[in-house]
Amino acid sequence: MSKKLIELKNISKSFGSTLVLDELNLYIRENEFVTLLGPSGCGKTTILRIIGGFETPDVGSVFFDGEDITKLPPNQRQLNTVFQKYALFSHMTVADNIAFGLRIKKKSSSYIEEKIKYALDLVNLPGYENRMPDSLSGGQQQRIAIARAIVNEPKVLLLDEPLGALDLKLRQEMQYELIRLKNELGITFIYVTHDQEEALTMSDTIVVMNQGYIQQIGTPESIYNEPTNAFVADFIGESNIIDGIMLKDRLVQIGGVSFECVDTGFGINEPVDVVIRPEDVELKDPEGGMTTGTVTSIIFKGVHYEIQVESAIGINFMVQTTQNFPIGCHVGISVIPDNFQIMHKPQSEDEEIMSAEDYSAGNAV
Amino acid sequence: MNRKKIQVLSIPYVIWIIGFTVIPLLFVFAKAVTSPQGAFTAGNLIAIFDPVHRKALFLSIELAFISSILCILISYPVALILRSSKIRNKKIILFVMILPMWMNFILRILAIQMLISKNGLINHFLSLLGLGKISIINTEAAIIIGMVYDYLPYMLLPVLNCVLAIPDDIIEASKDLGANRFTVLTKILIPLSLSGIGSGITMVFVPSMTEFVIANILGGGKIMLLGNVIEQEFSVTMNWNLGSGLSVTLMIFVLLTTLISGRTVSETDKGFVI
């Protein structure tokens with residue numbers, strides 16, 4: 001594993017009376033694509049701004065390559081930021097925008113010219129040197145903003161919802177571009193978004209946040225398949241979150257019916273949350289299912305149908321399937337044991353927002 | 001609204017423009033190119049090359065230029081301070097700063113006169129402290145003080161509007177790319193607020209250049225700006241033709257200034273020219 005490049009230790013930050021980050025610990029390894037994912041107001045942008053030097057934490061320190069940079073102003077940090085609204089200098093040409101950081105570093109003009117050309121090629125906008133930012137589309141402006149950041153050869157690139165202002169098609173294209181850039185440049189990307197699909201597509205590691213606390217850290221697969229609590233399960237993709245009772249190891253009871261699962265260590269007769277992904281619910285003939293139900297609605301979503309099924313055990317399942325089941329259709333429902341994800345119920349409100357240490361140890365980045 | 005209605009509504013304005021702008025201007029132009037006897041002559045226009053007139057013109061330009069620069073030097077830091085301050089209602093601060101603008105202009109100049117005259121308030125305090133008197137009244141400096149005091153709001157408003165409109169993330173982006181405070185100021189803030197400075201210059205320089213009341217009151221009638229010369233031609237010498245000729249010359253200079261500062265405005269594509 002590569003070394004830790006950035007380390008946040010015990011960071012707290014409030015704005016006025018609002019506590020945004022509370023004793024947060026996080027480290028980011030070299031050459032990783034790390035995404036901070038969470039709903040708005042969860043503190044993800046504040047973390048990015050603290051790393052970038054635009055905010056100072058009230059408590060705690062930021063380490064970069066082992067060095068304490070908590071008090072270092074942004075212009076002296078070896079990292080660059082791509083802002084949500086591009087933040088291009090509207091009074092300069094594309095070339096001058098890209099050259100801005102290099103001119104401050106007093107690089108030679110031949111070096112700068114070469115770099116501009118290299119960066120424009122890299123973001124697929126060759127020949128755009130003399131255009132003004134206003135004459136470019138949103139996607140092009142964002143690519144110039146990325147070019148402007150990477151010519152400085154930062155060790156870390158911070159991206160603050162850079163695709164938020166783009167339309168869906170462009171956003172997907174840019175996601176591939178970013179993955180390609182990350183692989184070509186071999187620099188660390190720290191990416192902030194509230195879009196779970198974006199996070200799953202691009203990241204090596206996802207940090208799920210809520211209300212200033214880290215909820216879970218892990219690879220996209222582990223976060224999706226093994227969410228540690230109901231918040232993560234609900235935030236990453238669609239979920240059926242159902243009350244259940246863990247009767248014993250590998251046996252969970254939902255709505256009075258027992259189902260086989262693979263989870264252990266929850267004790268006897270423990271109330272739990274059960275997460276079943278909509279695509280993991282199988283619909284078949286009434287005879288073949290573990291329980292039965294009636295289709296109450298069906299919506300065509302393009303790749304699949306989204307179907308609501310009122311089951312005999314009193315639970316409303318959301319199902320995603322490529323098969324068409326008309327409303328009122330009587331169906332059998334089954335879920336294989338692997339696809340029951342069992343989670344502890346939160347004991348109190350406080351525990352619902354879990355503290356960082358609980359997870360950073362278990363799911364080491 | 002259909003076209004006809006718009007045309008009907010525009011009638012009062014057309015009458016206004018013809019009656020109060022076009023016809024008076026034509027009168028001025030007609031007087032400017034004729035002698036008092038009514039014969040055609042270019043003498044009134046050439047009169048600007050007369051040493052007395054030339055001196056007055058250059059002094060007008062010089063004082064207007066200095067006042068504009070001083071207004072920029074005062075307004076810009078104020079705009080930067082207001083931009084970085086965390087005060088929620090910046091409009092109130094601005095309101096207080098431009099409040100004097102709501103008072104009568106002559107009254108404000110008379111107040112300045114009271115302050116800086118030989119036995120004025122400032123000298124009174126200085127003598128109380130046992131310090132020597134200063135004599136600014138009836139100097140060019142006094143006129144500049146008056147002009148700056150009077151026209152500062154016209155610089156402050158467009159400059160402040162422009163500086164406040166610069167998004168925070170542009171500043172953060174420049175710092176992110178390694179810019180220190182000085183670079184942020186010279187490469188980002190000032191270029192992005194040129195349009196406001198341009199509007200401000202137009203609104204301070206032009207009235208300063210045509211000024212004669214401030215020069216009369218604070219200059220004690222000893223310092224002749226071109227505005228004073230023109231005023232005297234109309235009210236003392238009663239040579240309206242020469243007065244008109246000099247007015248037309250002054251208008252040409254004003255027009256040139258507006259075009260030059262207007263270019264800065266249109267280059268950055270913001271603000272407005274009057």
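Predicted model: local features only at pLDDT ≥ 70, side-chain atom pairs only at ≥ 80, totals over all residues.
Reader: How many of the 13 residues of H4(A) are buried?

Author: A residue is buried if 20 or more other C-beta atoms, placed from the backbone, lie within 10 Å of its own, exposed if 12 or fewer, and partly exposed in between. Among those that pass in H4(A) are Gln141(A), Arg143(A) and Ile150(A). H4(A) is largely enclosed by the rest of the structure because the buried count is 10.

Reader: At what angle do the axes of H2(A) and H4(A) cross?

Author: Axes are lines fitted to C-alpha atoms, for helices over the stretch in contact, with angles from 0 to 180 degrees between N-to-C directions. Contact asks for C-beta atoms, placed from the backbone, within 7 Å; here Val94(A), Asn97(A), Ile98(A) and Phe100(A) in H2(A) meet Ile144(A), Ala147(A) and Arg148(A) in H4(A). The two helices count as roughly parallel (under 35 degrees; over 145 is roughly antiparallel, 65 to 115 roughly perpendicular, the rest oblique). Their axes come within 7 Å and cross at roughly 30°.

Reader: On to chain B: does H3(B) pass H10(B) in a left-handed or right-handed crossing?

Author: The axes of H3(B) (residues 51-84) and H10(B) (residues 194-209) come within 9 Å and cross at roughly 145°. Their contacts include Ala64(B) and Cys71(B) in H3(B), and Gly200(B) and Val204(B) in H10(B). A crossing is left-handed if the near helix is turned anticlockwise from the far one by less than a right angle, and right-handed if clockwise. This one is right-handed.

Reader: Within what arc do the buried residues of H5(B) fall?

Author: H5(B) spans residues 105-116, and its buried residues are Ile109(B), Ile112(B) and Ile116(B). An α-helix has 3.6 residues a turn, so residues three or four places apart point the same way. The buried residues line one face of H5(B) because, by directions from the helix axis to the C-beta atoms, they fall within an arc of 55°.

Reader: Which exposed residues does H5(B) carry on the face turned away from its buried side?

Author: The buried side is covered by elements including H6(B), H7(B) and H11(B). The face turned away carries Ile106(B), Leu107(B) and Met114(B).

Reader: Which helix gives the most to the side of chain B that touches chain A?

Author: The contact takes 17 residues from chain B and 16 residues from chain A. On the chain B side, the elements giving two or more residues are H8(B) (168-176) and H9(B) (181-192). With seven residues, the most comes from H8(B).

Reader: How many helices does chain B have?

Author: Chain B has 274 residues, of which 34% count as buried. Its C-alpha atoms fill a box of roughly 75 × 70 × 35 Å along the principal axes. There are zero strands, and the helices come to 13.

How values were computed: Residues numbered from 1 in each chain as written. Chains lettered and ligands numbered in written order. Helix = DSSP H or I, 4+ residues; strand = E, 2+ residues; numbered from the N terminus. Expected span 1.5 Å × (residues − 1). Contact = placed C-beta atoms within 7 Å.
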